[in-house]
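Please open the model in a viewer and keep the selection panel at hand.

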Amino acid sequence: MSNPHAPLLARGEGPFLDDLPDPQGLLHATVFTSPIPHGRLLRVDVEAARTAPGVVTVLTAADIPGENQIGGIIRDEPLLASDEVHFVGQPIAVVVASSRREARRAAARVTAEIEPLDAVLDPRQAAARGSLIGAVRTLALGDVDTGFAASDVVLSGRADTGSQEHCYLETQAAMALPREGGRLHLLSSTQSPTLVQRIAARVLGVPMHDVEVEVTRLGGAFGGKEDQATPWAVMAALAARILKRPVKLVLSRHEDMRWTGKRHPYSSDFRIGLTARGKILAFEVTYYQNAGATADLSPAILERTLFHATGSYFVPNVRVTGMSCRTNLPPFTAFRGFGAPQAMFVFECALARAAEALSVPVRTLQRHNLLREGDELPHGMRAERCRAERCFDEAATRFRLDELALHVEEHNRTSRLTKRGLALMPVCFGISFTNTMLNQAGALVHVFTDGSVSVSTGAVEMGQGVTAKLLAVASRTLGVDPGRVRVESTSTARVANTSPTAASTGADMNGKAAEIACAAILVRLREVAAERLGCDASEVTIAADRVLVRGEASDLLWPEVVWIAYTRRVDLSAHAHYATPGIHFDRERGKGRPFAYHVYGTAIVEVTLDTLRGTYRVDRVRLVHDGGRSLDPQVDLGQVEGGVVQGVGWVTMEEVLWDRGRLLTDTMTTYKVPDVHTSPEVETVFLPDADNPEAVLHSKAIGEPPFMYGIGAYFALLAAMKAARPEGALLFDSPLTPEKALMFLEDAHG
Ligand code: LUZ
Ligand code: MOS
């Protein structure tokens, strides 16, 4: 099976939204944004921009016909600021001109009079001032106080993780095309076509059926287009609606980096209690999530953090607390892992500290405390078909962990200028949107009279290969050659009320809906075939384009059955809906069964550190991953490799810095991502015999879990640093840039 988008993407033929031919009369929009992090907006002067060459109009909050409100979870975000600004880069006015260049030049002529207010940038400071979004959330299991009392050692510490730029290949983009009767056809580079449709309708003051949102493919998203594709699409819609002309809005890389939200930085306090033999008895943590200026998805992300507080481990007594802290930075948003990486990092910090105190290797503690079948997690769900130990042990044997550890020790004994580091990173990631409501999907399948098949779902192709998987599901369910199946673009007019393609559930849920729709058509076709062949429908199957009776090939081929069905006026189309069964969560009690299942795996990460320079290489990441029965092993391999590299980047070289609310790392020269030279070698082994009855054709979700293997790079580096300077204090401040490593090492040579 292969991804039909792949050759196009590999050849650079995309095309992405900005590559589409310009419709006649196309106008270009850009945005004037707040230059300061917090202030009272006293006056906006757009006159100089309005009269600039090529400018058609400049729109402000006053021009919005509906509600000036784009907030999803909480209604706290205006499309265009009208009285206050809360972050640098907050949209204030939309400038529309004949060309993109003229629009940008004119936008530079907009001025705003803003009375500066005190800006809060640190989440702990925001919390101290009571500046929170939503409630403080807590989950508890067992009795944490008793657990600490019974512990032989109790250790505490603070851990910080930084932000991360999504760095999708395609920046945020939208094009609004007016249609008859005031309707709009909206092309948007969004993971959430229905969200864009809903918010556009709200802002324009029109019913949702007046807005069709369509997506062909995105040049990456990683969560950055789950909520934050919306404002740009809605601005284009607003301008198109008012001007009755097509309007395109595409952010430059620079604008995208400065104006859009990134991964949430967290600052956390943890406490862990263990027996002298290394059994964890209690864990307590408080997460200060830096949410930025508006809610965006922060409360949902915080919830996933809480759900993953103990990672792949069983802890009998737990109390986890988290809060979304409102600060004057661009709203932080979804990013692969959605709060879980931040949680897992903190737990690994606690383990590192405990291992140091008990003088045992971290991996011994890890192995000793892994989740087992039936263990209860802090949110109330138990580990089912738990593969934490299997993956860990499989990785240890297959990659000869003991031998490797000896090599590393030997190297570090004999080498002064370079030190090697080794870490294991077990992952356990819950699959389903934590917001139960979102766990639904739809599909619309047509079989045409020539036997070709058209599949529409709510899933958005963003390079992750969901198209290839939907194609596999449809062709396998119908028993036809994959070449007969086309997966269509994603349109709100074909499949309605869809959830974002997110939470790693795209193929799971939309695949299931497609399977149900295909199965419904198949039932009808088997009746038709049975009648023609004079047998019972229960004896008929279809495989490889041919009708079989009791498993024996007949002369009847797929296109013939389809044609006969048509002539007999049998419906060759089906719509299906899928709602993930058996999941629920009671937020009041903090208990439930939030996930359909978990994905497990363990990575072994190796690094080499230059002890003079502080520079390092992440040499190798080898892992055993529980991928279920893959719908497309090549696609899954790509997701694992990309995820690992992105995760390694997050904890090593990707550093986001602000100066008084202004982004400093706002170009690809100051913000570094792993490239072909700096990426580790990744070796992936999929766990054999890894059936998963909970998902479509027994597969498993793949998108997010591999990201968290990358966290191992942090702890491998820490191990190498400690090998160079054993007396140095463990540093829990991600990303571990070469600068930080060098500062740690300074004393080693001084
Ligand atoms: N988006 C969301 C997500 O809205 N809810 C989730 O639980 C989630 N998890 C991962 C990634 N995106
Ligand atoms: Mo998400 S982090 O858009 O799956």
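Rings of Phe, Tyr and Trp (its six-membered ring) are taken as a pair if their centres lie within 6.5 Å; planes under 30 degrees apart count as stacked, over 60 as edge-to-face and the rest as tilted. On that basis, the whole structure holds 14 aromatic pairs.

The model is predicted: local features need pLDDT of at least 70, side-chain atom pairs count only at pLDDT 80 or more, and totals for chains, interfaces and linings use all residues. Residues are numbered from 1 along each chain as its sequence is written, chains are lettered from A and ligands numbered from 1 in the order in which they are written, and side-chain values use heavy atoms, with hydrogens and water left out.

Select Tyr266 and Tyr287. Their ring centres are 6.1 Å apart and the planes stand at 75 degrees, so the pair is edge-to-face. Both Tyr266 and Tyr287 are buried (under 20% relative accessible area, 1.4 Å probe, protein chains only).

Next, select Phe283, Tyr313 and Phe347, which ring pairs link into a cluster.

Move to Arg263. Its charged end sits over the ring of Phe335, 4.3 Å from the centre (CZ of Arg within 6 Å of the ring centre and within 35 degrees of the ring normal). Arg263 also lies over the face of Trp650, 5.1 Å from the ring centre.

Finally, select ligand 1. A nitrogen atom of ligand 1 is 2.7 Å from a side-chain N or O atom of Glu226, and an oxygen atom of ligand 1 is 2.9 Å from a polar backbone atom of Thr434.

Notes. A polar contact is a pair of N or O atoms within 3.5 Å; within protein, one must be able to donate a hydrogen and the other to accept it, and residues adjacent in sequence count only if both atoms are side-chain atoms. Buried means under 20% relative accessible area, exposed over 50%, partly exposed in between (1.4 Å probe, protein chains only).
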